[in-house]
Amino acid sequence: MRIIERYLLRELLFPIFFCLYVLVLLFLISDLFDNLYEIINNKTPLIMIIQYYLNLLPFAAVQTISWATFLGTVYLFSSFARHGELIAMKACGLRITNIIMPFLYLGLIIGVVTVLINDRVVPATFAQSEKIKRDYIDQ
């Protein structure tokens, strides 16, 4: 892997993780506000609320990773354009296909990992969170 490819991937990973963090947090906060009335009325124990949201975390991550990747990529390319880095890379003789190839590989890896998590992890954790919601939150 060349230095430019490592640089591009490193610059892309931070915006993706930041966007994923923010989107998952928004997802969980909106779910908390949706269930807040039932949580307060049923006096749900704090440990069950924490366990519910920890089990809901993989589902939220799988639902928002595509948007996080899109927003991170748009942010990165706008940042590159603002600082003239794309023009500098083209001036050094890099073709546009060489510039975007690491992003395509990363997108493929994120897609495969998302499918695996959605197939292996999400069904069990989502079922557990629905059970906690049914037994403790909704009653």
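Predicted model: local features only at pLDDT ≥ 70, side-chain atom pairs only at ≥ 80, totals over all residues.
Tutor: Local features need pLDDT of at least 70 and side-chain atom pairs 80 or more, while totals for chains, interfaces and linings use all residues. Residues are numbered from 1 along each chain, and side-chain values use heavy atoms, without hydrogens or water.

Student: Why is the Tyr7 and Phe80 pair called stacked?

Tutor: Rings of Phe, Tyr and Trp (its six-membered ring) pair if their centres lie within 6.5 Å; planes under 30 degrees apart count as stacked, over 60 as edge-to-face, the rest as tilted. Tyr7 and Phe80 lie 6.2 Å centre to centre, with 15° between the planes. So they pair, and the pair is stacked.

Student: What makes this a link between distant parts of the chain?

Tutor: Tyr7 is in helix 1 and Phe80 in helix 2, 73 residues apart. Helices are DSSP runs (H or I, at least four residues), numbered from the N terminus.

Student: How do you know whether Phe80 is buried or exposed?

Tutor: Buried means under 20% relative accessible area, exposed over 50%, partly exposed in between (1.4 Å probe, protein chains only). Phe80 has 1%, so it is buried. Tyr7 has 23%, so it is partly exposed.

Student: Why is the pair of Phe59 and Phe126 called tilted?

Tutor: The ring centres are 4.7 Å apart and the planes stand at 40°, so the pair is tilted. Phe59 sits in helix 2 and Phe126 in helix 5 (residues 122-138), 67 residues apart. Phe59, at 21%, is partly exposed. Phe126, at 28%, is partly exposed too.

Student: Which residues do ring pairs link into a cluster?

Tutor: Tyr7, Phe77, Phe80 and Phe103. The pair count comes to eight.

Student: Why does Thr69 count as buried?

Tutor: Its relative accessibility is 17%, so Thr69 falls under the cut-off. Thr69 is in helix 2.

Student: What makes the approach of Thr69 to Ile65 a polar contact?

Tutor: A polar contact is a pair of N or O atoms within 3.5 Å; within protein, one must be able to donate a hydrogen and the other to accept it, and residues adjacent in sequence count only if both atoms are side-chain atoms. The backbone oxygen of Ile65 lies 2.8 Å from a polar side-chain atom of Thr69. That distance is within the limit.

Student: Which residues does Thr69 touch, not counting those up to four places away in sequence?

Tutor: Ile16 and Ile110. Contact means heavy atoms within 4.5 Å.

Definitions and conventions. Helix = DSSP H or I, 4+ residues; strand = E, 2+ residues; numbered from the N terminus.
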